[in-house]
Amino acid sequence: MTNLYKEELKDEKIFLSDDKVFYTVEGEGEYVGWPSVFMRLSMCNLTCQGFATEDSPHGCDSYISWSVKNKLSFEELRTLLEEEGYKKHLDNGAIWKITGGEPLVQQPKLLKFLAYIDVEWGTIPRIDFETNATIMPDPEWLRVDATFTTSPKLSNNGDPEDRRYKPDVLKWHVTNGSGFKFVISKKEDLEEVLQKYVEKFNIPRERVWLMPCAGSRKEHIEIAEEVAEYAKQEYFKFSPRLHLLVWDMALKV
Ligand code: SF4
């Protein structure tokens, strides 16, 4: 990637959400509980409506990511990561969670940014992407220490199937060992997971996490037991939404 680097890259811009970068513990999926530096990018190619809550009134649990007012140059973003202590957390072993929105909307820019970081820091920290699995990852990601946690959107998300269901991208993620998180609110969701994903693409069951569809601690407590029973029944993993249990917030934690 270093060959991509040019001095002028420092002025290229990445679009970030309102909460930009924050340090927390991962709340969902394979890395739940891990210290993590979240970098939340702007923009998404979907419009989920499934889980409206008080702090997420439009349904998408990352609605603040739709804002594009934070346009940081590569140099500004690197400086923020260094001066606000995030690089230190990454150096000490935190995972760099690159999320959104849908982070791969800005994939070409991200590849350049990581090339810039590689030259500036002499290394690229451990990355895990959070993606809705509708945009094909660039093969370049296989050459760095990057993994993908997918969260494919079921029919309850409200978008037409041809926007949210991309078989070629799903196959790529199965082939490359990505994790699959599914938000479950009822038994029909589980049946959709089985028929349209796990059985159709032969997803290994140990790479599947079921999560309660909840936007608050109260809702989480109400539905978690049902979802855990589905996970037991199908030999999937159960994932809490830890940020709801710990902070009772869907965002900025
Ligand atoms: S894919 Fe994620 S960021 Fe995009 S609209 Fe759905 S919940 Fe929001």
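This is a predicted model: local features need pLDDT of at least 70, side-chain atom pairs count only at pLDDT 80 or more; totals for chains, interfaces and linings use all residues.
Residues are numbered from 1 along each chain as its sequence is written.

**Overall make-up**

- The protein chain has eight helices and nine strands, taken as DSSP runs numbered from the N terminus, with H or I over at least four residues for helices and E over at least two for strands.
- Of the 253 residues in the protein chain, 37% are buried, a residue being buried if 20 or more other C-beta atoms, placed from the backbone, lie within 10 Å of its own.
- Among contacts in the protein chain with a separation of 6 or more, 76% join residues 24 or more positions apart, a contact being two residues whose C-beta atoms, placed from the backbone, lie within 7 Å.

**The sheet**

- Nine strands make an open sheet with mixed pairing, in the order S3-S1-S2-S4-S5-S6-S7-S8-S9.
- Strand S3 (70-73) and strand S9 (237-238) are at the edges and have a single partner strand each, so one side of each lacks a neighbour in the sheet.
- Phe22 stands opposite Phe38 in S2.

**Helix H3**

- Helix H3 (residues 107-121) has 15 residues and spans 20 Å from its first C-alpha to its last, close to the 21 Å expected at 1.5 Å a residue, the expected span being 1.5 Å times one less than the number of residues.
- The buried residues in H3 are Leu110, Phe113, Leu114, Ala115, Tyr116 and Ile117, and the buried residues of this helix pack against S1 and helix H1 (74-83).

**Nonpolar cores**

- The largest nonpolar core has 23 residues, and those with the most contacts inside it are Val37, Met39, Trp96 and Phe113; such a core is a set of buried Ala, Val, Leu, Ile, Met, Phe, Trp, Tyr and Cys residues joined through C-beta atoms within 7 Å.
- At least two residues of this core come from each of S1, S2, H1, helix H2 (86-91), strand S4 (95-99) and H3, and H3 gives the most, with six residues.
- Phe113 touches Ile14 and Phe74, leaving aside residues up to four places away in sequence.

Note on methods. Two strands pair if DSSP finds at least two bridges between them. A residue is buried if 20 or more other C-beta atoms lie within 10 Å of its own, exposed if 12 or fewer, and partly exposed in between; C-beta atoms are placed from the backbone.
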